[in-house]
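Here is a short report on one protein model. Look at the fold first, then read on.

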Amino acid sequence: MKFLILNGPNLNLLGIREPDVYGRETYQDLEKLVADTCRQENIAFRCFQSNHEGDLVDQIQQALGDCDGIVINPAAYTHTSVALLDAVKAVSLPTVEVHISDVASREDFRQISYIRAACIATISGEGLSGYAHAIRLLKAHLLSNNLPEEKTL
């Protein structure tokens, strides 16, 4: 099993950017949490962050045939990017949307998520640990969908 862990704009500034909203942990802390969780769950992964929408779309497309699922924090692109939505729909890989902050309690414009329409779940407001939750949820989803169907006699 292999996952793409995809992070959008400004997440490279974790620990610096609005620590009252996103906490003081850094992007390196996030990468370590992802690596530790994937190791515990026996999941291969690749982690990617970009401030550029097209780079994120490219990574989603490259996941086709390489990864079994995607954990994505589109950051600000959550509220603006039909391109990310279309890319996730195109590759048809199970995807979990994750947000460090509780977007439901934030500004009105943050209540819209385009990507959510293509995701099996959204995890929000759990800080960096939301990524571990997302990875485990995605794994459970994949395992439950790969169980052999029961035959009725």
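## A cavity inside

How many cavities of 30 Å³ or more does the count come to? The count comes to one. A cavity is a set of points on a 1 Å grid over the protein atoms alone, where a 1.4 Å probe fits but cannot get out. Points are joined across faces, edges and corners, and volume is the space filled by probe spheres set on them.

The largest cavity holds about 130 Å³. It is lined by 13 residues, with Tyr22, Asn73, Ala75, His99 and Arg106 closest to its centre. Lining residues have an atom within 4 Å of a point. Six are nonpolar, four polar and three charged. Here Ala, Val, Leu, Ile, Met, Phe, Trp, Tyr, Cys and Pro count as nonpolar, Asp, Glu, Lys and Arg as charged, and the others as polar.

## Basis of the model

This model is predicted: local features need pLDDT of at least 70, side-chain atom pairs need 80 or more, and totals for chains, interfaces and linings use all residues. Residues are numbered from 1 along each chain, and side-chain values use heavy atoms, without hydrogens and water.

## Fold

The protein has five helices and five strands. These are DSSP runs (helices H or I, at least four residues; strands E, at least two), numbered from the N terminus. Their order along the sequence is β-α-α-β-α-β-α-β-β-α.

## Two helices

The axes of H3 (residues 53–63) and H4 (residues 82–91) come within 9 Å and cross at roughly 5 degrees. Therefore H3 is roughly parallel to H4, a term for angles under 35 degrees. Axes are lines fitted to C-alpha atoms over the stretch in contact, with angles from 0 to 180 degrees between N-to-C directions.

Technical notes. On a 1 Å grid over the protein atoms alone, a cavity is a set of points where a 1.4 Å probe fits but cannot get out, and a pocket is an open set with protein on both sides within 12 Å along at least five of seven lines; lining residues have an atom within 4 Å of a point. Angles under 35 degrees count as roughly parallel, over 145 as roughly antiparallel, 65 to 115 as roughly perpendicular and the rest as oblique.
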